[in-house]
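These are my working notes on one model.

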Amino acid sequence: MKFKALTAIAALMVAAPALTFADPDDDTLVIEGQEMVTKTDLPAHMEDANMDMIMSGWHFRSDETQALQMDDFDNPGMIFVDQALDNWESVEGSAGKSCASCHEGPESLAGVRATYPKWNEDAGEVRTIAMQVNSCRTENMGAEPYKYDSTQMAAMEALITLQSRGMPVDVAIDGPAAETWEKGQEIYYTRYGQLELSCASCHEENYGNMIRADHLSQGQINGFPTYRLKNAKLNTVHGRFKGCVRDTRAETFSPGSPEFVALELYVASRGNGLSVEGPSVRN
């Protein structure tokens with residue numbers, strides 16, 4: 001493992017000569033009076049991982065960025081939640097329905113974000129929240145699906161995620177979901193691109209280090225959708241995956257692809273036990 005870590009550091013230095021070392025902080029994340037679990041023991045399926053515990057990306061951000069997430073009034077991601085509330089009530093499609101036609105309110109979806117992606121028995125596949133949203137739109141509303149990583153989709157995911165804030169991530173990886181999870185695990189550890197980097201190269205073997213001006217986290221996704229100060233918008237998980245693969249100088253998978261669905265299931269399971277935080281704020 002030490003050799004692999006040194007190899008990853010060498011590859012990172014090719015891309016970023018300013019690689020330096022730093023540590024996550026020990027601060028406590030409290031959002032609107034609710035304390036989040038941001039550090040906890042490794043899930044059982046991660047016993048062989050090169051880390052001692054799992055921790056939220058919040059610990060790797062500056063005090064100023066952390067503070068934005070701790071107050072819903074200051075959190076710019078909450079603007080998109082308000083937009084999604086409007087869409088929730090909007091009638092669209094040939095069936096003349098809105099989200100509100102079938103659901104009593106967004107609060108009725110409490111707990112959903114904590115367990116997704118998950119196996120859908122009727123569809124015979126693992127589904128993400130975005131896939132489920134589009135299924136509702138096309139099958140129940142007769143409406144056009146959202147583009148997978150669009151602003152509208154990110155906003156709706158943020159609204160749904162907010163209902164589970166503070167709940168522990170509890171993604172199932174056994175049973176019929178196991179095959180998809182194993183595919184996601186394979187992708188996570190596969191080196192891609194001219195830089196020959198895997199997800200693990202940065203987020204398991206080098207978390208805590210600085211690359212360019214950014215602090216490498218464990219790549220946990222319990223805070224997604226996340227508002228990034230870098231691009232001033234709400235970002236989806238698959239949008240971030242796409243950017244990460246692109247940064248290895250490789251041809252990337254598409255948002256909503258089977259590859260990214262599998263990767264989302266695997267990465268989400270690496271955060272089992274952490275609190276759902278979204279919408280979060282990151283650099």
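The entries below record the conventions and then each look-up in turn.

**Conventions.** I worked on a predicted model, in which local features need pLDDT of at least 70 and side-chain atom pairs count only at pLDDT 80 or more, whereas totals for chains, interfaces and linings use all residues. Residues are numbered from 1 along each chain as its sequence is written, and side-chain values use heavy atoms, with hydrogens and water left out. Helices (H or I, at least four residues) and strands (E, at least two) are DSSP runs numbered from the N terminus.

**Entry 1: helix 7 and its partners.** I first looked up helix 3 (residues 78-89) against helix 7: the axes come within 8 Å and cross at roughly 95°. Axes are lines fitted to C-alpha atoms, for helices over the stretch in contact, and angles run from 0 to 180 degrees between N-to-C directions. Helix 3 is therefore roughly perpendicular to helix 7; angles of 65 to 115 degrees count as such, those under 35 as roughly parallel, those over 145 as roughly antiparallel and the rest as oblique.

I then took helix 6 (residues 129-141) with helix 7 (residues 151-162), and found an angle of about 105° and axes 10 Å apart. Ile129, Ala130, Val133 and Asn134 of helix 6 meet Met153, Met156, Glu157 and Ile160 of helix 7. Six residues of that contact are nonpolar, one is polar and one is charged.

**Entry 2: helix 8 and helix 11.** Their axes lie 7 Å apart at an angle of about 90°, so the two helices are roughly perpendicular to each other. Among the residues in contact are Trp181, Ile187 and Tyr188 of helix 8 and Leu263, Tyr266 and Val267 of helix 11. The classes are nine nonpolar, four polar and two charged.

Entry 3: I noted an open sheet of three strands in the order 11-10-12, with mixed pairing. Strand 11 (233-235) and strand 12 are at the edges with a single partner strand each, so one side of each has no neighbour in the sheet. Strand 10 and strand 12 pair in the parallel sense over three bridges; pairing requires that DSSP finds at least two bridges between the strands. Thr226 stands opposite Ser280 in strand 12.

Entry 4: On a 1 Å grid over the protein atoms alone, a cavity is a set of points where a 1.4 Å probe fits but cannot get out, a pocket is an open set with protein on both sides within 12 Å along at least five of seven lines, and lining residues have an atom within 4 Å of a point. Grid points are joined across faces, edges and corners, and a volume is the space filled by probe spheres set on the points.

The largest pocket has a volume of about 1,100 Å³. Of its 43 lining residues, His203, Asp214, Leu216, Arg240 and Cys244 lie nearest its centre. Helix 10 gives the most to this lining, with six residues.

I also found three cavities of 30 Å³ or more in the whole structure. The largest cavity holds about 90 Å³, and its lining includes Ile129, Glu157 and Glu264.

Key. Contact means heavy atoms within 4.5 Å. Ala, Val, Leu, Ile, Met, Phe, Trp, Tyr, Cys and Pro count as nonpolar, Asp, Glu, Lys and Arg as charged, and the others, Gly among them, as polar.
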